[in-house]
Amino acid sequence: MSGVDSTGAGHGGSGGKATTVVHLMRHGEVHNPDGILYGRRTGYHLSSLGRQMADRVAEALADRDVTHVVASSLERAQETALPVAKSHGLAVGTDDRLIEAGNVFEGKTFGVGDGALRRPANWRHLTNPFRPSWGEPYIEQVVRMMGALNDARDAARGHEAVLVSHQLPIWIVRSFVERRRLWHDPRRRQCTLASLTTFTYEGDRIVSVGYSEPARDLVPPHLLAGAKPVKGKSKAFGA
């Protein structure tokens, strides 16, 4: 988009227009002992570590001018948003445009060497990584996530908003704003658990994108961006 360079740094302002900040937050760690790709399934709640992550981010944002907090309807997102909302005396709103991406492997294990990809019947879903063929098209994620971002901008005009969502939709909308291709290596997503991807608007225009990890020291090493896959553990679990 105009005003954002390839590194996400803004250049140029929109003199006199209100500055609004919208933080896209990924939820914290989920209790998932069976290693299921839970996707949009209900019943998956934050682990005790995930609750610590949510509290840590709430502490990091405590002095910010947050006036609007919204999350996807999934339990892990709602539970992550709650400490932030409480610290600002707000209720958590719900916006299903922030939902996890649809995925045909939902409900299956997806670890390295021991998951769904070992079964030839599943290979037909891997024919087109550019769309992708195994789930919700990337462009559809862009449309709904941009809608949620812009509505939050309007609701928090001149202040800050926090939207709690999921790894893939957050990464896809950031890639779109920063003019990168949407297809990518999932291991390279810069969107770890409880991270903040921050969009700054001047008026209606995004002028910069930032990224921070307030709870980085709590994140298991195999879930950090660029970590090598570990058998029996998959970054997909924490989507």
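## Stop one: an exposed arginine

Select Arg179: with a relative accessibility of 58%, this residue counts as exposed (exposed means over 50% relative accessible area, buried means under 20%, and partly exposed is in between, with a 1.4 Å probe and protein chains only). Arg179 sits in the loop between helix H4 (167–177) and strand E5 (196–202). Helices (H or I, at least four residues) and strands (E, at least two) are DSSP runs, numbered from the N terminus. Its phi is near 65°, a positive value in a residue other than glycine.

Before you click on, know that this is a predicted model, where local features need pLDDT of at least 70 and side-chain atom pairs count only at pLDDT 80 or more, while totals for chains, interfaces and linings use all residues. Residues are numbered from 1 along each chain as its sequence is written, and side-chain values use heavy atoms, with hydrogens and water left out.

Now pick Ala194, which also lies in the loop between H4 and E5. Is Ala194 buried or exposed? Ala194 is buried, at 0% relative accessible area. Its phi is positive too, about 60°, although Ala194 is not a glycine.

## Stop two: zoom out

Show the whole chain as a cartoon. You can count four helices and six strands, and from the N terminus on they run β-α-β-α-β-α-β-α-β-β. The chain has 239 residues, and 51% of them count as buried. Take contacts (heavy atoms within 4.5 Å) between residues at least 6 apart in sequence: 71% of these join residues at least 24 apart.

## Stop three: helix H1

Select residues 48–60. This is H1, with 13 residues and a reach of 19 Å from its first C-alpha to its last, close to the 18 Å expected at 1.5 Å a residue (the expected span is 1.5 Å times one less than the number of residues). Colour its buried residues: Gly50, Met53, Ala54, Val57 and Ala58. They share one side of H1, because they cover an arc of only 140° around the axis (the arc is that of the directions from the helix axis to the C-beta atoms). Here's a handy rule: an α-helix has 3.6 residues a turn, so residues three or four places apart point the same way. What covers the buried residues of H1? The cover includes strand E1 (19–26), helix H2 (75–87) and E5.

## Stop four: salt bridges

A salt bridge here is a side-chain nitrogen of Lys or Arg within 4 Å of a carboxyl oxygen of Asp or Glu. The structure holds 13 of them, so let's visit a few.

- Glu136 and Arg144: their closest N and O atoms are 2.8 Å apart. Glu136 is buried at 12% relative accessibility, and Arg144 is buried at 12%.
- Arg174 and Glu178: the closest N and O atoms are 3.1 Å apart, and both residues are buried.
- Arg153 and Asp204: here the closest N and O atoms are 3.8 Å apart. Arg153 lies in helix H3 (residues 138–155) and Asp204 in the loop between E5 and strand E6 (205–212), so this pair ties together parts that are 51 residues apart in sequence. Arg153 is buried at 9% relative accessibility, whereas Asp204 is partly exposed at 49%.
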